[in-house]
Amino acid sequence: MRVVTVVILAGALAAAGAVMAGGIAAPPAAPAPAPQPAPLKTAASFQSIKDPAARSIALFTEAGKVIQSPRCMNCHPVQRAPTQGDDMHPHNPPMVAGDSGHGPAGMPCFSCHQQANVPTWGDSIKSIPGDPKWGLAPAEMAWQGKSLGAICNQIKTPATNGGRSLTELHHHMADDHLVGWAWNPGAGRKPAPGTQAQFGELIQAWIDTGAKCPKA
Ligand code: HEC
Ligand code: HEC
């Protein structure tokens with residue numbers, strides 16, 4: 001049964017891609033209200049916390065609303081296989097990172113995920129997410145099921161974060177297009193809280209206050 005479902009899904013996706021490439025837009029979507037992002041506090045609103053360490057922890061805790069949102073977590077699993085939806089269920093069809101993070105040979109992520117989100121005609125799946133760099137996050141960025149304190153320590157420590165500096169991390173979170181997908185996730189998906197700019201400011205303010213972590 002599984003195999004049959006996979007073949008049908010892959011066929012439907014290929015057909016959708018072909019139609020989109022032909023320049024024929026999807027019919028106007030039914031006027032269902034788009035899911036709205038949850039609010040995110042600004043970095044400036046934490047100024048009232050005078051102790052820098054306490055402010056640093058509060059800033060990261062706020063940023064954690066983004067980091068631990070399903071839009072980020074679905075690509076940052078520990079089991080080397082992506083998950084889907086707000087309930088983070090296993091990817092359907094079953095999918096693994098492969099050696100490159102871009103899927104196994106013969107079924108790369110790009111056989112379904114295009115350069116940008118592609119609307120579908122389906123009811124259950126309203127769009128297929130896409131980005132030019134679509135792939136699974138590396139093992140050193142595996143976060144699902146970990147506490148926010150554990151994630152914080154993992155990402156700020158070069159020994160556990162793949163040798164990245166805090167500047168590189170900030171740049172990635174504030175400016176990266178793939179990370180930005182989380183705020184533009186395609187029809188039928190709730191965006192990550194706030195905006196990418198707000199998130200970038202929270203991370204910068206966290207770094208400026210000593211990059212302290214909540215208790216693991
Ligand atoms: C056979 C087609 C196919 C392949 C190959 C594929 N995907 Fe998907 N993927 C989909 C479809 C369709 C969806 C949308 C499902 C939905 O929204 O319920 C999706 C959704 C996702 C989501 C969920 C986004 C969210 O927040 O809900 C992630 C993450 C994801 N894929 C990652 C990957 C990665 C990483 C790869 C390669 C390692 C990959 N996919 C390969 C078809 C595929
Ligand atoms: C489609 C899958 C996908 C989604 C969605 C995603 N990431 Fe990633 N993430 C990756 C990949 C792939 C890498 C490795 C990128 C690289 O090395 O250039 C990565 C790397 C990272 C890193 C390490 C920094 C670095 O320099 O590589 C951070 C931090 C990160 N992601 C944060 C986030 C946050 C925050 C979100 C949500 C707002 C998010 N990611 C959403 C796939 C994803």
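The structure is a predicted model, in which local features need pLDDT of at least 70, side-chain atom pairs count only at pLDDT 80 or more, and totals for chains, interfaces and linings use all residues. Residues are numbered from 1 along each chain as its sequence is written, and chains are lettered from A and ligands numbered from 1 in the order in which they are written. The protein has seven helices and four strands. Helices (H or I, at least four residues) and strands (E, at least two) are DSSP runs, numbered from the N terminus.

**Overall fold**

- Starting at the N terminus, the order of elements is α-α-α-β-β-β-β-α-α-α-α.
- Of the 216 residues in the protein, 27% are buried. A residue is buried if 20 or more other C-beta atoms lie within 10 Å of its own, exposed if 12 or fewer, and partly exposed in between, with C-beta atoms placed from the backbone.
- Among contacts with a separation of 6 or more, 64% join residues 24 or more positions apart. Two residues are in contact if their C-beta atoms, placed from the backbone, lie within 7 Å.

**Helix α7 and its partners**

- The axes of α2 (52–67) and α7 (residues 196–208) come within 9 Å and cross at roughly 150 degrees. Axes are lines fitted to C-alpha atoms, for helices over the stretch in contact, and angles run from 0 to 180 degrees between N-to-C directions.
- α2 and α7 are therefore roughly antiparallel to each other. Angles under 35 degrees count as roughly parallel, over 145 as roughly antiparallel, 65 to 115 as roughly perpendicular and the rest as oblique.
- The crossing of α2 with α7 is left-handed. A crossing is left-handed if the near helix is turned anticlockwise from the far one by less than a right angle, and right-handed if clockwise.
- On the α2 side the contact is made by S56, L59, F60, E62, A63 and V66, and on the α7 side by F199, L202, I203, A205 and W206.
- By class, the contact of α2 with α7 has nine nonpolar residues, one polar and one charged. Ala, Val, Leu, Ile, Met, Phe, Trp, Tyr, Cys and Pro count as nonpolar, Asp, Glu, Lys and Arg as charged, and the others, Gly among them, as polar.
- α5 (166–175) also pairs with α7: their axes come within 8 Å and cross at roughly 165 degrees.
- α5 and α7 are therefore roughly antiparallel to each other, and their crossing is right-handed.
- In this pair, L166, H170, M173 and A174 of α5 meet Q196, F199, G200, I203, Q204 and I207 of α7. The contact of α5 with α7 has six nonpolar, four polar and no charged residues.

**Ligand 1**

- There are 27 residues around ligand 1, and N74, P82, G103, C109 and C112 come nearest. A residue is near a molecule or strand if its C-beta atom, placed from the backbone, lies within 6 Å of it.
- At least two residues of this shell come from each of α1 (2–21) and α3. The largest share, three residues, is from α1.
- The shell around ligand 1 has 16 nonpolar, nine polar and two charged residues.

**Ligand 2**

- Ligand 2 has 23 residues around it, of which C72, C75, A137, H172 and A182 come nearest.
- Two or more residues of this shell come from each of α2, α3 (70–73), α5 and α6 (177–180). α5 gives the largest share, four residues.
- The shell around ligand 2 divides into 16 nonpolar, four polar and three charged residues.

**Residue M73**

- M73 is found in helix α3 and is buried, because 20 other C-beta atoms lie within 10 Å.
- Leaving out residues up to four places away in sequence, M73 touches Q68, M88, W143 and Q144.
- M73 and G145 are 72 residues apart along the chain, and their C-alpha atoms are separated by 9.3 Å.

- Most residues other than glycine have a negative phi, and most peptide bonds are trans.
- The peptide bond from N92 to P93 is cis, with omega near 5 degrees. P93 is in the loop between β2 (89–90) and β3 (118–119).
- R80, in the loop between α3 and β1 (83–84), has a positive phi near 60 degrees. R80 counts as partly exposed, with 14 C-beta neighbours inside 10 Å.
- M88, in the loop between β1 and β2, has a positive phi near 50 degrees. M88 counts as partly exposed, with 15 C-beta neighbours inside 10 Å.
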